[in-house]
Amino acid sequence: MGSQNSTSQAHSCKISMLWNWYTIDTCFIAKSWHNNTRGKFAGSCIGCFGLVVVAQWLNKIARQFDIEIGRREKAKYYAKSSNCFVGNEDASEDDITESSRQELEKLANESGTKSTLIALKRTLSHGWYFQLLRVKLMRRQIQSKDPFSYSPTGPYEIYPSLPTHILRVSIFVLQWGLSYIIMLLFMYYNGYIIISCIIGALVGRFLFNYEPLVVSNGNSTSDFEVAHDRETNDRKCCM
């Protein structure tokens with residue numbers, strides 16, 4: 001019995017509320033996450049690194065999905081607006097080409113579910129990832145008078161459809177859950193795990209947060225929005 005007790009104590013979880021550099025017999029979150037070898041502990045460090053990178057990726061996906069939904073709903077609003085409504089004979093051919101008119105007809109009657117799926121497809125395609133591609137796409141839209149490049153005049157608000165709202169909430173829950181798991185990992189005060197998470201945040205932020213520093217809304221120097229202001233409502237406990 002004495003040998004069995006000593007064996008069980010030797011393989012018990014090492015948990016400390018003070019800074020530590022434990023490797024063997026460390027446990028995180030649950031007893032099943034037991035690192036009884038150096039290889040398992042190294043895998044845990046890599047996993048924590050990947051977890052933080054995924055959290056940063058989800059944060060970018062959530063923001064990009066809102067952008068794609070906004071562009072889609074903006075085009076639908078343009079299609080339904082009185083100034084450029086489909087079938088309006090007063091609209092000049094310079095403003096609306098025949099191909100654009102046909103697309104506007106589809107957009108005017110597009111369901112919320114279809115808009116959500118299209119925006120999700122464009123988000124997950126990661127075509128937005130490279131800034132140069134986005135610049136070329138914007139130039140192409142302006143030259144071809146693509147309806148997505150138009151800006152309806154006057155203030156207006158865009159609310160998400162039910163499928164869009166459900167999907168946005170689901171992405172938020174994933175972000176929220178991951179952020180608290182990362183917080184719990186930090187609370188083990190293990191130096192290797194904390195460093196792995198910090199490196200993951202560095203890499204994830206570098207890969208998925210390359211955005212304009214300033215977004216100007218007009219000609220006034222005081223009329224602009226900085227990138228940090230846009231992130232205020234997106235910050236979770238550990239992001």
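This tour moves through the structure one selection at a time and states what is found at each stop.

**Before starting**

The structure is a predicted model, in which local features need pLDDT of at least 70 and side-chain atom pairs count only at pLDDT 80 or more, while totals for chains, interfaces and linings use all residues. Residues are numbered from 1 along each chain as its sequence is written, and side-chain values use heavy atoms, with hydrogens and water left out.

**The whole chain**

Display the entire protein as a cartoon. It contains 8 helices and 4 strands; helices (H or I, at least four residues) and strands (E, at least two) are DSSP runs, numbered from the N terminus. From that terminus on, the order of elements is α-β-β-α-α-α-α-α-α-β-β-α.

Switch to a surface view. Of the 239 residues, 33% count as buried, where buried means under 20% relative accessible area, exposed over 50%, and partly exposed in between (1.4 Å probe, protein chains only). Contact means heavy atoms within 4.5 Å. Among contacts between residues at least 6 apart in sequence, 69% join residues at least 24 apart.

**Helix H6**

Select residues 162–186, which make up helix H6. At 1.5 Å a residue, its 25 residues should span 36 Å, and the end C-alpha atoms are 36 Å apart, which agrees; the expected span is 1.5 Å times one less than the number of residues. Now colour the buried residues of H6: Thr164, Ile171, Gln175, Leu178, Ser179, Ile182 and Leu185. They pack against strand S1 (26–28), strand S2 (30–35), H2, helix H4 (112–124) and helix H7 (191–208).

Next, select phenylalanine 186, which is in H6. Phenylalanine 186 counts as partly exposed because its relative accessibility is 32%. Leaving aside residues up to four places away in sequence, phenylalanine 186 touches Ile194, Cys197 and Ile198. The C-alpha atoms of phenylalanine 186 and cysteine 197 are separated by 8.3 Å, with the two residues 11 apart along the chain.

**Helix H2**

Select residues 38–80, the extent of helix H2. Alanine 42 is placed in this helix and, at 36% relative accessibility, is partly exposed.

Is glutamine 64 buried or exposed? With a relative accessible area of 5%, glutamine 64 is buried. Its contacts, not counting residues up to four places away in sequence, are Thr123 and Trp128.

**The nonpolar cores**

A nonpolar core is a set of buried Ala, Val, Leu, Ile, Met, Phe, Trp, Tyr and Cys residues joined through side-chain atoms within 4.5 Å. Select Phe28, Cys48, Leu185, Ile193 and Cys197, the residues with the most contacts inside the largest core, which has 13 residues. H2, H6 and H7 each supply at least two residues of this core, and the largest share, 6 residues, comes from H2.

Centre the view on isoleucine 193. Apart from residues up to four places away in sequence, isoleucine 193 touches Phe28, Ser44, Cys45, Cys48 and Leu185. A second, separate core of 6 residues includes Ala75, Ala79, Leu104 and Leu107.

**Aromatic pairs**

Rings of Phe, Tyr and Trp (its six-membered ring) pair if their centres lie within 6.5 Å; planes under 30 degrees apart count as stacked, over 60 as edge-to-face and the rest as tilted. The count comes to 6 aromatic pairs. Select phenylalanine 28 and tryptophan 33, an edge-to-face pair at 5.7 Å centre to centre, with 75 degrees between the planes. Phenylalanine 28 is buried at 2% relative accessibility, whereas tryptophan 33 is partly exposed at 27%.

Phenylalanine 28 lies in strand S1 and tyrosine 188 in the loop between H6 and H7, so the pair ties together parts that are 160 residues apart in sequence. Tyrosine 188 counts as buried, at 18% relative accessibility.

Then select Trp19, Trp21, Phe41 and Tyr192, which form one aromatic cluster.

**Last stop: residues 192–208**

Select residues 192–208, where UniProt places the feature "transmembrane region" in an unreviewed entry. UniProt positions are given in the numbering used here, feature names are shortened, and annotations may be inferred rather than shown by experiment. Over this range the chain is 100% helix and 0% strand, and the end C-alpha atoms are 24 Å apart.
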